Amino acid sequence: MARPELGSTLRRGFALSVLMCCLLGSGLAHADRKAEIDAAIRLRDYAGAASLLKEEADHGDADARYELASLYRSGRGVPKDHAAAVRLLQQAADSGHVKAQYNLGNMYQNGWGVAADPATAQRWFATAAAQGHELARGKLDGKTGAEPAP
């Protein structure tokens, strides 16, 4: 006669296996999407990359928001729009993305897409520097000048 706890253990094990497959599958899908985005950028298909990045950014991906902001800042694959770049950088920076924090500081420092605000720029540089961003540390130490116009 089978022990009741053995059946319960098997059901829990099966449920855990299904959950792990779902989690690993979503991670693989994300890795595939990242590879697709990287390939589009490598091939200079910036419009295609922007489309893929928008989907990921809409799902809260901080890296996608940062990369999409870079496209808006440069006008590659999308119309040049510094205000859109600032919005995306703000979202990524708020989630802890260190490069977005540094670049948002530059946007505030130079008044690109937002009114120039040196105090806000310094706060973002300090936030990025606290995470080890060397260029942000340089901005705080006064070792680097303004970024070139995008």
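**Salt bridges and a helix pair**

Glu55 counts as partly exposed, because its relative accessibility is 36% (buried means under 20% relative accessible area, exposed over 50%, partly exposed in between, with a 1.4 Å probe and protein chains only). The model is predicted: local features need pLDDT of at least 70, side-chain atom pairs count only at pLDDT 80 or more, and totals for chains, interfaces and linings use all residues. Residues are numbered from 1 along each chain as its sequence is written, and side-chain values use heavy atoms, leaving out hydrogens and water.

Glu55 forms a salt bridge with Arg33, with the closest N and O atoms 2.6 Å apart (a side-chain nitrogen of Lys or Arg within 4 Å of a carboxyl oxygen of Asp or Glu). Glu55 lies in helix α2 (residues 46-58) and Arg33 in helix α1 (residues 4-42), so the pair ties together parts 22 residues apart in sequence. Helices are DSSP runs (H or I, at least four residues), numbered from the N terminus. A network of salt bridges links Arg33, Glu36, Glu55 and Glu56.

Another salt bridge joins Arg137 and Glu134 (2.7 Å, N to O). Both residues lie in helix α7, three residues apart. Glu134 is exposed, at 52%. Arg137 is partly exposed, at 34%.

Arg137 also belongs to the contact of α7 with α6 (heavy atoms within 4.5 Å).

His133 sits in the loop between α6 and α7. His133 counts as buried, because its relative accessibility is 15%.

Methods: Helix = DSSP H or I, 4+ residues; strand = E, 2+ residues; numbered from the N terminus.
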